Amino acid sequence: MYLKEIGITNFRNYKEDLSLVFSHGNNLFLGYNAQGKSNLLEAIYYLSLAHSFRGARDMDLINFEKDFFRLEGRIIKRDREQDICITYFRDRTKHFIIDGVKGKSLNDIIGQFTCVIFAPEHLQLVKGPPALRRKYLDTQISQIIPRYYQNLRDYKRIVRQRNEILKNRQEEHLPLWDNYLCKTGTKIIEARLRAVKKLSSMVKDSFFKISGENAVFEVDYCSTLGPLEYFLDEKSIFERYREKLTSKREMEFRTCATMVGPHRDDLLMLLDGKPLKDFGSQGQQRMAVISLKMAELNFIKTFTGEYPVFLLDDVMSELDSRRRKYVVDLLTQVQTFITGTDRGQFDEEFLEGVAIQNIRCGKIY
Ligand SMILES: Nc1ncnc2c1ncn2[C@@H]1O[C@H](COP(=O)(O)OP(=O)(O)OP(=O)(O)O)[C@@H](O)[C@H]1O
Ligand SMILES: [Mg+2]
């Protein structure tokens, strides 16, 4: 799959209508700080999940001086071309049009155009907070199962409301909310378990290739429900969830917070069976992150049959030349969008086969 063209109107610092045609190989965007490089990648990513990869509110994506933004993408898939158009207005309405037909909901968009993003914050995937690792899992599962994304949104809302109930000590409402929580949370855990099982063999494989070391890198799902086997069905997860929740009742009233469930789970990373964050060298941790990103590309390909588009925001400069070369060599079948501040960050050999454009003040030259 690749993105052939994008039309950008009033998005972030892109004030004037912008129309860009891309190479189906590597696309490099160069520009000084604050010129619009990440904004461009944010626009491309928005076509896949209709939200900002930086966690920004939709409202903040509209150009300061305008009342709406519009993104139009032309995607080339193995068997056909597809046009996606998303418009968002200041009155908080969002419209989707797919091949000229109005979409009814977000579900019509998700999964049509798939993307993986690698940004400097992902270098924290090993050592950083669990929220980063949950997001790593959630974004890739969302792109292949639109329902998952909906469940995740519902679940977050349920946790917020349930915490309010705990705060107000409205014990009579808890059974109902416990039920919502366990039902929705179970679906999330079940999908994550299946994904982690697949990912684990993929990261092992890419770590071998990247590091040339014999060390075994694995990931495992670490749940607040206790140890869970990969083959568990929804009914068994649901039962364990209820039990665990009941056992935490007192503590939950004390802390006014929902203590168990997918919003507190984590992805465990192990190198030769030991926690990578505690025992891995800095180099091993970086290689593990690259392996995780490569696995993400392969994970989506396994389900959709096509590689997603790969966005690399300012990370090439963070990698040494050997790892940079490794990433680039691996990506021959993938369309990439890479940003950087100057040509000097890239090897001459790499620059030869790349379409280069410059970004200045929200304009592309
Ligand atoms: N809604 C908006 N309307 C207009 N301009 C905006 C909006 N949101 C952000 N900007 C501007 O976009 C610019 C930042 O763009 P971006 O994050 O793409 O920079 P960058 O080229 O990636 O820089 P860096 O190299 O520092 O990462 C800032 O000048 C910011 O003020
Ligand atoms: Mg940037």
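In which hand does H5 pass H6? The crossing of H5 past H6 is right-handed. A crossing counts as right-handed if the near helix is turned clockwise from the far one by less than a right angle, and as left-handed if anticlockwise. Helices (H or I, at least four residues) are DSSP runs numbered from the N terminus.

The model is predicted: local features need pLDDT of at least 70, side-chain atom pairs count only at pLDDT 80 or more, and totals for chains, interfaces and linings use all residues. Residues are numbered from 1 along each chain as its sequence is written, while chains are lettered from A and ligands numbered from 1 in the order in which they are written.

The protein chain splits into domain 1 (1-114 + 306-365) and domain 2 (120-304). These bounds come from an automatic or database domain assignment. Taken over C-alpha atoms, the centres of domain 1 and domain 2 are 27 Å apart. Contact between the two involves 18 residues of domain 1 and 16 residues of domain 2. Two residues are in contact if their C-beta atoms, placed from the backbone, lie within 7 Å. On the side of domain 1 that touches domain 2, helix H1 (37-49) and helix H10 (321-330) each supply at least two residues. H10 gives the most to that side, with four residues. By class, the side of domain 1 that touches domain 2 holds 10 nonpolar, four polar and four charged residues. Ala, Val, Leu, Ile, Met, Phe, Trp, Tyr, Cys and Pro count as nonpolar, Asp, Glu, Lys and Arg as charged, and the others, Gly among them, as polar.

Ligand 1 has 16 residues around it, of which Asn13, Asn33, Lys37, Ser38 and Asn39 come nearest. A residue is near a molecule if its C-beta atom, placed from the backbone, lies within 6 Å of it. H1 gives the most to this shell, with three residues. Three residues of the shell around ligand 1 are nonpolar, nine are polar and four are charged.

The axes of helix H5 (residues 174-211) and helix H6 (residues 234-247) come within 9 Å and cross at roughly 130 degrees. Axes are lines fitted to C-alpha atoms, for helices over the stretch in contact, and angles run from 0 to 180 degrees between N-to-C directions. H5 and H6 are therefore oblique to each other. Angles under 35 degrees count as roughly parallel, over 145 as roughly antiparallel, 65 to 115 as roughly perpendicular and the rest as oblique. H5 contributes residues including Asp178, Cys182 and Lys187 to the contact, and H6 contributes residues including Glu234, Phe238 and Arg242. The contact of H5 with H6 has six nonpolar, two polar and five charged residues.

The axes of helix H4 (residues 146-167) and H5 come within 9 Å and cross at roughly 150 degrees. This crossing of H4 and H5 is left-handed. Among the residues that meet are Tyr148, Leu152 and Ile158 in H4 and Trp177, Leu181 and Ile188 in H5. By class, the contact of H4 with H5 has 11 nonpolar, four polar and three charged residues.

The axes of helix H3 (residues 130-144) and helix H9 (residues 282-304) come within 10 Å and cross at roughly 20 degrees. H3 and H9 are therefore roughly parallel to each other.
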